Amino acid sequence: MRTRDPSFFPLAASSRRALQRYWPTPGVVWGMLAIACVGSRLATAISYVEDPDSLRFALSVADAYDVAALQPHFPGYPVFWASVELVYLPTGSLSASFAIVGGLATVGLVWALTRLRGVRLRSIDGAMIAGAVFFSPLLWVMGTRYMPDLLGTANALAALTLLVQALYATRDGLDERAAAAGIALTGLLAGLRLSALPLVIVPALWVLIRSHRPTRLVGIGTASVAVWLVPLILDTGFWTLVDVAWGQTTGHFTEFGGTVQTNADLSRRLSGLLQGLWADGLGAWWPERHPLTGAVGVGLLGLSALGTWRLGRRGHWRSRRVRLVVLCAGLYALWIFVGQNVVHKSRHVLPLVPLLLLLPAAGATMLWRRRPRGPRAAVLGVAGTYALVTLVLVAQHRDPTAIAQVKSFVEEHTERPGPTRVVSKPLVNTYLRQQRVDAQFLSVEAPGDRRQVRHADTGRTIVVGSYSAFPELSPTQTKRFFHNPHVNRMWPRVTVSIYEH
């Protein structure tokens with residue numbers, strides 16, 4: 001029977017035993033991965049607020065946690081806030097706090113995927129999974145962004161892994177210890193990233209049905225929910241929280257959530273979903289992207305095909321464990337396609353990206369183990385282009401987004417003599433106002449505000465966005481700001497017009 005080689009190079013048995021004496025222990029390897037993940041995210045941390053969503057979480061940590069004031073918005077994400085706050089209190093640095101939590105979440109993703117596949121981190125399979133996760137452009141960017149999505153993804157996949165293990169780890173029945181841990185993480189997930197619950201809801205219910213002690217599991221789940229819900233109620237107030245929850249929930253589905261009800265173009269939604277997975281999650285080619293991303297796409301397709309064949313040859317696709325994971329991923333994909341803003345916010349595909357990375361990781365392992373060693377060059381080539389695309393995107397992410405550039409631009413004009421008026425949509429005005437931009441903010445959607453601009457005698461009016469609200473006025477200056485939409489798809493191009501009075 002062929003044994004797994006713990007190193008990257010096939011050795012004779014005597015040489016392998018000698019090497020294993022000095023080979024790092026599993027704890028050391030995991031520690032090295034943690035240092036690499038946290039260190040790389042700290043080195044590429046951002047020092048600006050890139051969009052309104054990030055602003056709410058930044059204010060909740062640096063200013064005050066206030067769900068009623070949308071700092072952050074409902075459901076409040078208290079588990080994530082507490083995790084970041086624990087780092088922020090001793091460091092006093094927003095960028096470092098979010099990056100450290102993001103780095104640890106990346107380690108959590110690797111743990112969940114290696115356990116889901118049943119491989120060790122010290123194996124070739126484990127190394128390929130770790131490399132694929134480490135260099136995923138979307139996972140890296142979200143690891144430094146002021147958002148809870150990456151930690152929520154790590155929690156969701158860890159819960160999924162434990163629940164699947166509880167169902168199928170033994171032939172005698174349910175693994176109650178894994179079931180308890182999975183249910184506990186599911187309860188915490190509701191206070192960390194509520195929209196990720198559809199990924200784990202089926203195995204969680206199945207575990208409860210199959211358990212001989214369902215009351216105990218319900219108690220564990222209730223306790224894990226109470227850990228974050230009770231402090232949230234005490235901080236916000238019960239009826240205030242109910243009002244905020246109702247307003248934000250109905251608003252999400254009927255006004256600002258980007259759901260199928262407010263954006264019913266199904267072809268555009270499908271394109272956004274595919275772009276989030278393929279281009280943003282894997283760094284592969286999309287129209288208007290650099291040709292190098294084409295090489296990444298071809299390489300990942302080839303490795304994924306090999307990985308699919310390898311797993312299929314071993315009968316993994318006939319496994320009930322794999323079928324359950326595929327079902328959960330399909331249900332989650334359906335949920336975000338219908339109920340999330342997949343057109344403008346690729347972060348909603350995050351829980352699917354690590355699962356997708358298992359395929360090219362399996363294909364890369366297959367090539368790496370082949371003899372002679374020629375196929376290893378192909379693996380290294382794909383890995384090199386994949387990492388290069390990610391590093392470029394990460395470097396671009398350190399530069400301010402278009403709307404963050406606008407904020408600096410407006411601040412420069414507020415220092416000049418005379419009053420400054422900013423006219424834009426309410427969300428942009430809120431983004432600028434909450435960052436203490438000293439200007440009068442007017443809504444382009446309000447007729448009274450537009451009349452006020454037309455009758456202004458002195459100062460300047462800065463219109464953020466492309467609007468035809470003032471056809472009778474000629475701008476004295478027009479400036480356009482850009483950022484790479486594969487770093488952040490929200491407002492990648494912003495036009496600013498200045499009207500002097």
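**Helix α4**

I looked up which residues of α4 are buried, and found P78, V79, F80, V84, E85, V87 and Y88. I note that this is a predicted model.

I then asked what covers these buried residues of α4. The cover includes α3 (52-62), α5 (94-117), α8 (149-168), α9 (176-189) and α11 (214-236).

Just after α4, I found G92 with a positive phi of about 70°.

Leaving aside neighbours within four places in sequence, I listed its contacts as F57, F98, V101, M147, P148, L151, G191 and L192.

Which residues touch the most other members of the largest nonpolar core? They are F80 and V207, in a core of 130 residues. The element that gives the most to this core is α8, with 13 residues. I also noted a second, separate core of 7 residues, with L442, V444, V453 and F470 among them.

**Empty space**

Rolling a probe the size of a water molecule over the atoms shows where empty space is left. I counted 5 cavities of 30 Å³ or more.

The largest cavity holds about 80 Å³ of space. Its lining is L138, M142, R145, H344, K345, S346, R347, V487, N488, R489 and M490. I sorted these lining residues into 4 nonpolar, 3 polar and 4 charged.

Notes
Residues are numbered from 1 along each chain as its sequence is written. This is a predicted model: local features need pLDDT of at least 70, side-chain atom pairs count only at pLDDT 80 or more; totals for chains, interfaces and linings use all residues. Side-chain values use heavy atoms; hydrogens and water are left out. Buried means under 20% relative accessible area, exposed over 50%, partly exposed in between (1.4 Å probe, protein chains only). Helices (H or I, at least four residues) and strands (E, at least two) are DSSP runs, numbered from the N terminus. Contact means heavy atoms within 4.5 Å. On a 1 Å grid over the protein atoms alone, a cavity is a set of points where a 1.4 Å probe fits but cannot get out, and a pocket is an open set with protein on both sides within 12 Å along at least five of seven lines; lining residues have an atom within 4 Å of a point. Grid points are joined across faces, edges and corners, and a volume is the space filled by probe spheres set on the points. Ala, Val, Leu, Ile, Met, Phe, Trp, Tyr, Cys and Pro count as nonpolar, Asp, Glu, Lys and Arg as charged, and the others, Gly among them, as polar. A nonpolar core is a set of buried Ala, Val, Leu, Ile, Met, Phe, Trp, Tyr and Cys residues joined through side-chain atoms within 4.5 Å.
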